[in-house]
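Please consult the sequence and the model alongside the text.

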Amino acid sequence: MKLLNMSLAALHRLLKEKKISSTELTKEFLRHIQKAEPNLRSFLTITEEIALRKAEETDKKIAGQQPIGILEGIPMALKDNICTEGIPTTCASRILENFVPPYDATVTEKLKEAGTVLVGKLNMDEFAMGSTTENSGFYPTANPWDFARVPGGSSGGSAAAVAAREVPFALGSDTGGSIRQPAAFCGVVGLKPTYGAVSRYGLVAFASSLDQIGPLTKTVEDSALVLNIIAGHDPKDSTSVPFIKPDYTQYLENNVKDMKIGVPREFFAQGLKPEVQTVIEEAVRVYEQLGAQVEECSLPHMEYALPAYYLIASAECSSNLARYDGVRYGYRAKAEDMIDMFTTSRTEGFGQEVKRRIMLGTYALSSGYYDAYYAKAQKIRTLIKEDFEQAFTKFDVLLSPTTPTIAYRLGEKTDPLALYLGDVYTIPINLAGLPSISLPAGFADGMPVGLQLIGKHFAEGILLRAAYTFEQNTEHHKKIPAWLEEASKNVF
Amino acid sequence: MSFSDKFELVCGVETHVEMATKTKIFCGCSTEFGGEQNTHVCPVCLGLPGVLPVLNKEVVNLAIKAGLALNCIIAEYSKFDRKNYYYPDLPKNYQTSQYDLPICKNGWLEINTPCGKKKIGITRVHMEEDAGKLVHSGETITTSKSSGVDYNRAGVPLLEIVSEPDLRSVDEVLAYLEELVQIMDYAGISDCRMEQGSVRFDVNVSLRPRGSSEFGTRTEIKNLNSFNSVRRCLEYESERQAELLLKGEKVEQETRTWDEGQGITLSLRSKEEAHDYRYFPEPDLVPIIIEREWVERIRASLSELPAAKRERLKSLGLSEYDAAVLTSSKAMADYFDEAFTFGVDAKTLANWIMGDLSALLKIDGCSFENSPVSPRQLAGLLNLIKDGTISGKIAKAVLEEIYKTGKDPEVIVKEKGLAQISDAGALEKIVEGVLAANTKSVEDYLAGKETALGYLVGQVMKATQGRANPGLVNKLLKEKLSR
């Protein structure tokens, strides 16, 4: 088998059977990262030393005949908005370029405890605002399938790294599609869990009521394995839900017989590229052939989701990002006085898109505008939740394209509104707090197309089953970019 | 000149009280005052990227308690909101506070006025976090080359108590504040350490012609931290507004600040420059649902409030004045109550607490809470007077000795041989000796000079180091002299 392409379960077997050490495995991935990075630039920080130290720990355990966890000794990387103690966490922003957190995010802690080997921090759109990773304050990341295209965003670095096999898995964050859209663009599996299923403690907030951390993986099985580690109630996050965490791998069943799948017609409206639609329609046929009952349905308020999202998310971000003022940490501009220090630090430290959203959000919350914008957006949010609740009285899962298009060319999209429209299928799910997964559904113009499945609150299990069944009956997830064929030949 | 003939003062107060919890409102850091700068801090109260608040339930308990003590309606559904503004002492550049759904509203408290009791409305009570403190290198912010921030106080829980504009004189305002602070103290909401800035006031002041029922234009004066400042500030501000109105000028609606040194208020910002705080619901916290059972549990734990305590003390035969002094602090009132359980006379006890013991405590700046003389010891002392073991004069000396050594009064009396000499036989000898040594006084007395008896009593007391039973000495002397 080809090492870089191996599933988490296969890597675990190799480690357990001492066919390879964690150190060798880590070195292998670090070597591959060195080779791939000049073209991709999915990493912002590579933590080679820390990684090798951690790998050594696992190797000692294995040598001492101690049992190891399923993800123990396996390399991974985190989106750079997830706090890592002693390792820079920049949110791809100049304003946090020098910020080294004194604490670990809860997910970081959990992955550490699980024995995973952190090899680095991944590029993203600044503060997770964007859908191309071109808004990174440092450099854009390329799409592994076509270096001239974007990997999507904001978890572009995470998706590209997994697609390019730089890491077996990565974590991203999803506020309006930031895990699923880049997963679709890069041809990997991206899962956004139910709001409240994974702790947000230590995730640098963009929009608190929408943000959720989730895994980016090569397969649905890997997604379930990572979710097993990171999900669960966290007393440090008041919005995390005390629920009984199942073993998500139990849902990995190749069976959708009699599963009721709804296809909302609003997700196939104007703006959907015909070549993407063709792929999704083919996916629908796959499900039908496998015995699922697929039916068209309607979510009537979806057209208001996008404006409601951009008001709520921007309002929250205008407040969440107020703390970056140069006083306590981060970038501080040279200034004459206090107000000047605030303004200049923020003017120089933030990029265009971040400033645009801060201004939009500040405006939406201003006295006299609050009711017309923020309050109204919240009402729409309720209507959208109700639309989904209605649909889920009839269906187990909803199915749609993840994105209306394939990955854009680098620099192709300059109009922010056009970019916002690209999030139209992913945003409503965040507004409703639902779990959703994007998985490889095929190709259009040689680029991956993502299939999005949506479930009820805390119904990650049925989502995983639907996704797993599709994956087991298709080959799309097995394809890798041509340049990678050579790199992943290393045989064990 | 005085404004009060022409104008009536209309005042409402926002009071910020630091709550007496061990830890901060959204993290586990200590709320202790006076630690080394930036030592009671963690990623959460420093507002580092990625942190989240977790509500300290004790804060909610105390807020409910405060609401009950102030006769408020306790909300069944309450939530936190973010108040957005930029200042370096505010780690997140927003304050987590409560906006449209405060935890308590529509309450009142009662004050005494020259015209009898008056109810002052409480509009609302809400929870919020305190900010840090700027530390200037120079005297003031304007004369400093640099300023630092101490975040020890950031995240200390605050209760904001907003009164209705029901107060009509400076005295009423003071009476309201004193009563409010006492209630907070009694209910255990706050230590109310004014000198540490744990209680702060914003006052809204306006004037209107006497007889008018409409409100005039108000100014808000922020951040007063003592009763005295409030009094001086209100006196100044009402004069200032009266002068403007008498000249036919307008009072500007604005926020002002009190300059303690100069004794004047200064304009801080006008209505047009007023902050737009862009309040919105705090998305990092979940709404607070308060079931009736929770409220009743807190109600059951609520201790006696000052007004009730004053009435009870009066029913023991104490005067209005004594009751007011004894209840002026919860510690003193508790001290009285505990000592009273040892079966002493209320009035005598009150006198000793308000007089000698208070004076002793004052010297060392001690409070009744940590008085070196325990209530049991004071009661024991009073019982020694009552049963004639020692005289009131000796008792004062014994009290000082208890204060110094912590020993029980009975032990001190025994060790130092201070017990009153009530043995007639023993005293008789001493009396005879005194009479023999003071023949001049004896003659004076026999010649009709009554005062000479006092001198002779004094001589007997001197000879016994004050231990002689004064009644008995009197009796014996009179007996001997009449022979």
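In β13 of chain B, B:Glu254 is the bridge partner of B:Thr219. This is a predicted model, in which local features need pLDDT of at least 70 and side-chain atom pairs count only at pLDDT 80 or more, while totals for chains, interfaces and linings use all residues. Residues are numbered from 1 along each chain as its sequence is written, chains are lettered from A and ligands numbered from 1 in the order in which they are written, and side-chain values use heavy atoms, with hydrogens and water left out.

**Strand pairing in chain B**

- β12(B) and β13(B) run parallel and are joined by four bridges; two strands pair if DSSP finds at least two bridges between them.
- β11(B) and β12(B) run antiparallel, also with four bridges, and B:Val205 stands opposite B:Thr219 of β12(B).
- Helices (H or I, at least four residues) and strands (E, at least two) are DSSP runs, numbered from the N terminus.
- The open sheet of chain B has nine strands in the order β2-β6-β7-β10-β1-β11-β12-β13-β14, with mixed pairing.
- Its edge strands, each pairing on one side only, are β2 (73-74) and β14 (264-270) of chain B.
- Five bridges link β1 (residues 7-18) and β10 (residues 157-163) of chain B in the antiparallel sense, and B:His16 stands opposite B:Glu160 in β10(B).
- Helix α3 (residues 227-246) of chain B packs on the sheet, touching β1, β11 (199-209), β12 (219-224), β13 (254-259) and β14 of chain B. The direction of this helix makes about 25° with that of β11(B); axes are lines fitted to C-alpha atoms, for helices over the stretch in contact, and angles run from 0 to 180 degrees between N-to-C directions.

**Interface between chains A and B**

- Contact (heavy atoms within 4.5 Å) involves 38 residues of chain A and 32 residues of chain B.
- The two chains bury about 2700 Å² between them, 59% of it on carbon and sulfur atoms; buried area is the accessible area (1.4 Å probe) that two parts lose on being put together, summed over both.
- In chain A, the residues that lose the most area to chain B are A:Ser238, A:Arg323 and A:Arg328, together 22% of what that side buries.
- One salt bridge is counted between the chains, where the term denotes a side-chain nitrogen of Lys or Arg within 4 Å of a carboxyl oxygen of Asp or Glu.
- A salt bridge joins the side chains of A:Arg200 and B:Asp284 (3.0 Å, N to O).
- α9 (305-320), α10 (338-349) and α11 (352-365) of chain A each supply at least two residues of the side that touches chain B, and α9(A) gives the largest share, four residues.
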